[in-house]
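Hi everyone, thanks for coming. I'd like to walk you through a structure that may be new to you, so please have a look at it with me.

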Amino acid sequence: MDKVNGPRNGDRSSPVVDGPTNPMVTPLLTDLYQFTMAYAYWKAGKHDERAVFDLYFRRNPFGGEYTIFAGLEECIRLIANFKFTEEEISFVKQALPSSCEEAFYNYLRGIDCSDVEVYAISEGSVVFPKVPLVRVEGPVAVVQLLETPFVNLINYASLVTTNAARHRFVAGKSKVLLEFGLRRAQGPDGGISASKYCYMGGFDATSNVAAGMLFGIPLRGTHSHAFVSSFMSQDEIINKSLCSSDGLRTCEDFPSAVQTWLNKIQWLPSFHGTFGETNQSELAAFTSYALAFPTDFLALVDTYDVMRSGIPNFCAVALALNDLGYRAKGIRLDSGDLAYLSCETRKFFMAIEKEFGVPGFGKINISASNDLNEETLDALNKQGHEVDAFGIGTYLVTCYAQAALGCVFKLVEINNQPRIKLSEDVSKVSIPCKKRSFRLYGKEGYPLVDIMSGENEPAPKVGERILCRHPFNESKRAYVVPQQVEELLKCYWAGKSGKAVECLPALKDIRDRCIKQLEKMRPDHMRRLNPTPYKVSVSAKLYDFIHFLWLNEAPVGELQ
């Protein structure tokens, strides 16, 4: 369940936080080299040196120009409960060389995150490359042990949340989006995480019952083709009676009422030549499902033939339910030309409403599934369709279009000394020192640029001109006069420093934040094709320092 990172006894610096959602997220969920480095730090007497690490990514996913930050809550849950068990220490002892001293394992026994501080952008925010999503400060050996789990917990979470947000953008605000990916996800944790973060990214519900229980996500789902094809005829229906919605009357033979309505539909002049005899086993399945769920009748109509059988059979059952005061929920299309079939289905429903005078029948919900992705949603929009809800699975939860976000965790300062990581690939050069990050907004309310500055530099002020520089390209620079300034990094874990911390919001609140953040973005940053890159910059002072440190650390070559 979503828990608020609530204060203990009103003290915001001492949060009470449940453990990670997945019990496999323990101090051992890390790479072996984190333990070998921890031992080497300890052996050198460096393990308690105060270090600062930035977690960020280098490139937006899916060919887009924005990313949604997710996974922060699970990181806080981990560090709030970070403690090695004797069994875990025993295993680490077996994994490391026998030459490692026993005193190191006593050191591990005493480790927790009380000396660690975590600063982060709010979960559900729109974020951009190079800007730190999370800044972790603490003893270098302890923070190093947090690197792999933090990257693991944020990488996929941010990727799939962004994927969900992109699907929502293409589908539009008015459509219902359902996450149906559990069976195709990469294992149980992939399925649970996908359901949580797709909801965060703007989806409305999931088919995943476990995720519904854990996170309070609305559940949706009806039946499969197997249910339809399991019936042979109406004779299999034993309990045939159905009480009306108001409880005042009972239809003793509901299947006969359904058959009567089907005959009426078949004789309508509007449908002459559209269909003849429908599949009777399908009709039996729909009738049986309606008897089980009269208030939630939604039928999968493509087991045999959508327009010649599925839709007429559905309408017959829906009209029989209507006589008893129930309103059918809708149909699902899972194959074929979804644009054409949805439009033909809508025409059929409108004709039923007109011919039989059933108010609202023409607006019955049409859902569609069948390996949908961003491209197919976009194509459907261009063709024109009548689908109200989309069930999306494989391409969504597996992030088929991109395997990973590529988060990195880089040392930027140790013992108050800024550090830089150099590379022949400029995109891999890190931005040194402990930094503050700000989002500057323009007159129209859109974000203009994110700017990083040194920790002790004055913050940008509304109405005051500030020079924003590209971190590595000397010629790319611009003056900005912000109309609003938002500081991005906030304290979410203070350890024993006594600083006030932000509360972890409920999942629904993070989802709302994500939706509002996306609405604030300029349309050209959001478009699918050739989006405009969002500007990420550094202050003039930080720019000068980056290049000073770069020259200072880079070895000087010698020509013979």
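Let me begin with a term we'll need: a salt bridge here is a side-chain nitrogen of Lys or Arg within 4 Å of a carboxyl oxygen of Asp or Glu. Keep in mind, too, that what you see is a predicted model.

With that in hand, take Arg346 and Glu386: they form a salt bridge, and their closest N and O atoms are 3.2 Å apart. Arg346 belongs to helix H12 (residues 338-356), while Glu386 sits in the loop between helix H13 (374-383) and strand E15 (389-392), so this pair ties together parts that are 40 residues apart in sequence. Are these two buried or exposed? Arg346 is buried, with a relative accessible area of 10%, and Glu386 counts as partly exposed at 32%.

Here's another pair: the side chains of Asp204 and Arg168 meet in a salt bridge at 2.7 Å, N to O. It also links distant parts of the chain, with Asp204 in the loop between H6 and strand E9 (205-206) and Arg168 in helix H5, 36 residues apart. Asp204 has 26% relative accessibility and counts as partly exposed, whereas Arg168, at 14%, counts as buried.

How many salt bridges are there in the whole structure? The search finds 35. Some join up: Arg166, Glu374, Glu375, Asp378, Lys382 and Arg528 are linked in a network of them. One more is between the side chains of Lys46 and Glu49, at 2.8 Å, N to O; Lys46 is partly exposed, with 30% relative accessibility.

Those last two residues bring us to a record. An unreviewed UniProt entry annotates residues 28-155 as "domain: Nicotinate phosphoribosyltransferase N-terminal". In the model, that span is 43% helix and 16% strand, and its end C-alpha atoms lie 18 Å apart.

Let's turn to helix H6, residues 187-200. The buried ones include Gly190, Gly191, Lys196 and Met200. Just after the helix, Gly202 takes a positive phi of about 120°.

Now for the inside. What makes up the largest nonpolar core? This core has 165 residues, and those with the most contacts inside it are Leu108, Val134, Phe150, Phe254, Phe297 and Phe314. Helix H5 (residues 140-171) gives the most to this core, with 17 residues. Apart from it lies another core, of 7 residues, among them Phe438, Val449, Cys468 and Val480. As for Phe314, its contacts beyond four places in sequence include Phe286, Phe297, Ile331 and Ile364.

Finally, the aromatic rings. The whole structure holds 21 aromatic pairs. In one of them, Phe227 and Tyr289 have ring centres 5.4 Å apart and planes at 75°, so the pair is edge-to-face. Phe227 lies in helix H8 (residues 225-229) and Tyr289 in helix H10 (residues 280-292), so parts 62 residues apart in sequence are tied together. Phe227 is partly exposed at 25% relative accessibility, and Tyr289 is buried at 9%. Ring pairs also link Tyr39, Trp42, Phe104, Tyr105 and Tyr107 into a cluster.

Key: Residues are numbered from 1 along each chain as its sequence is written. This is a predicted model: local features need pLDDT of at least 70, side-chain atom pairs count only at pLDDT 80 or more; totals for chains, interfaces and linings use all residues. Side-chain values use heavy atoms; hydrogens and water are left out. A nonpolar core is a set of buried Ala, Val, Leu, Ile, Met, Phe, Trp, Tyr and Cys residues joined through side-chain atoms within 4.5 Å. Buried means under 20% relative accessible area, exposed over 50%, partly exposed in between (1.4 Å probe, protein chains only). Helices (H or I, at least four residues) and strands (E, at least two) are DSSP runs, numbered from the N terminus. Contact means heavy atoms within 4.5 Å. UniProt positions are given in the numbering used here, feature names are shortened, and annotations may be inferred rather than shown by experiment. Rings of Phe, Tyr and Trp (its six-membered ring) pair if their centres lie within 6.5 Å; planes under 30 degrees apart count as stacked, over 60 as edge-to-face and the rest as tilted.
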